[in-house]
Amino acid sequence: MKRLVIFDLDGTLLDTIADLGAATNAALAAAGFPTHSIDSYRMMVGNGVRRLIERAVPADKNVPETVDGLLSAFRAYYDGHLHDFTKPYAGIPELLEELHAREIAIAVASNKYESAVKRLIAHFFPDIPFAAVCGNIEGVPVKPDPSIVFRVLTESPAPKADVLYAGDSGVDIETARRACVESVGVTWGFRPLRELTGAYADHIVGRPSEILDILDR
């Protein structure tokens with residue numbers, strides 16, 4: 001039986017792609033750069049907001065000064081539009097409620113900057129007592145570096161054998177591997193199934209409720 005389930009946020013608990021894409025496009029447009037289709041952002045997100053901006057900006061403009069300016073514009077827009085279109089994936093609220101009922105600790109480990117992560121969790125899951133809600137903080141490397149998982153384990157101690165990490169991308173599966181915890185790839189998020197299989201996820205599920213079956217193995 002697992003004692004702690006750590007979730008990625010974007011593409012795992014919440015469908016955030018429309019708001020992430022809108023914020024990036026707003027920053028790009030304000031700087032006079034071309035924008036992108038919302039769907040194209042599915043392959044740009046996952047490594048933190050700075051990397052998202054670096055992928056979205058024209059290659060010849062991908063320099064620190066330009067990225068810094070776009071990043072500031074992104075955050076100014078996104079902080080005011082966090083959940084215009086964002087919503088939990090079907091079955092996620094019920095999954096979290098069942099985990100809580102089973103007294104299994106729940107945590108979030110996201111590459112998104114932490115203030116936004118905490119606001120989103122508080123908005124969409126106000127009745128779920130998360131054991132830890134961790135996002136990216138300045139000076140700490142982003143996933144797949146396992147530092148954020150170790151931070152979660154500091155806030156919510158559990159043997160690694162009793163931890164399950166759930167995410168929708170190869171970055172998440174690699175993070176779990178580096179942290180030496182069991183992984184489950186979810187197919188309802190932003191990345192294709194082949195990315196999860198290529199990253200050698202320990203488990204792959206197509207519905208949130210299927211995570212419950214893994215916990216008893």
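About 230 Å³ of space lies in the largest cavity. A cavity here is a set of points, on a 1 Å grid over the protein atoms alone, where a 1.4 Å probe fits but cannot get out; lining residues have an atom within 4 Å of a point. Grid points are joined across faces, edges and corners, and the volume is the space filled by probe spheres set on the points. The structure holds one cavity of 30 Å³ or more.

Some ground rules. This is a predicted model, where local features need pLDDT of at least 70 and side-chain atom pairs count only at pLDDT 80 or more, while totals for chains, interfaces and linings use all residues. Residues are numbered from 1 along each chain as its sequence is written, and side-chain values use heavy atoms, with hydrogens and water left out.

Back to the cavity. β4 gives the most, with three residues. By class, the lining has six nonpolar, six polar and eight charged residues. Ala, Val, Leu, Ile, Met, Phe, Trp, Tyr, Cys and Pro count as nonpolar, Asp, Glu, Lys and Arg as charged, and the others, Gly among them, as polar.

Now the sheet. Six strands form an open sheet, and the pairing is parallel. The order is β5-β4-β1-β6-β7-β8. β5 and β8 stand at the edges, each with a single partner strand, so one side of each has no neighbour in the sheet. From one strand to the next, the twist averages 20°. Two strands pair if DSSP finds at least two bridges between them. β6 (residues 163–167) and β7 (residues 182–186) pair in the parallel sense over four bridges. A166 stands opposite V184 in β7.

Two helices next. α4 lies across β1 (4–7) and β4, and runs at about 155° to β1. α5 (residues 114–124) lies across β4 and β5, at about 135° to β4. Axes are lines fitted to C-alpha atoms, for helices over the stretch in contact, and angles run from 0 to 180 degrees between N-to-C directions. Contact means heavy atoms within 4.5 Å.

On to the loops. Is T86 buried or exposed? T86 is buried, with a relative accessible area of 6%. Buried means under 20%, exposed over 50%, partly exposed in between (1.4 Å probe, protein chains only). T86 is found in the loop between α3 (64–80) and β3 (87–88). Leaving out residues up to four places away in sequence, T86 touches L14, D15, T16, D19, L120 and F124.

Last, the backbone. The peptide bond from K143 to P144 is cis, with omega near 20°. P144 lies in the loop between β5 (132–136) and α6 (147–155).

Then two residues other than glycine with positive phi. Phi of E103 is near 60°. E103 lies in the loop between α4 (92–101) and β4 (105–113), and is exposed, at 75% relative accessible area. Phi of Y200 is near 65°. Y200 lies in the loop between α8 (193–198) and β8 (203–205). With 69% relative accessibility, Y200 counts as exposed.

Terms used:
1 Å grid on protein atoms, 1.4 Å probe; cavity = no way out; pocket = protein on both sides within 12 Å on 5 of 7 lines; lining within 4 Å.
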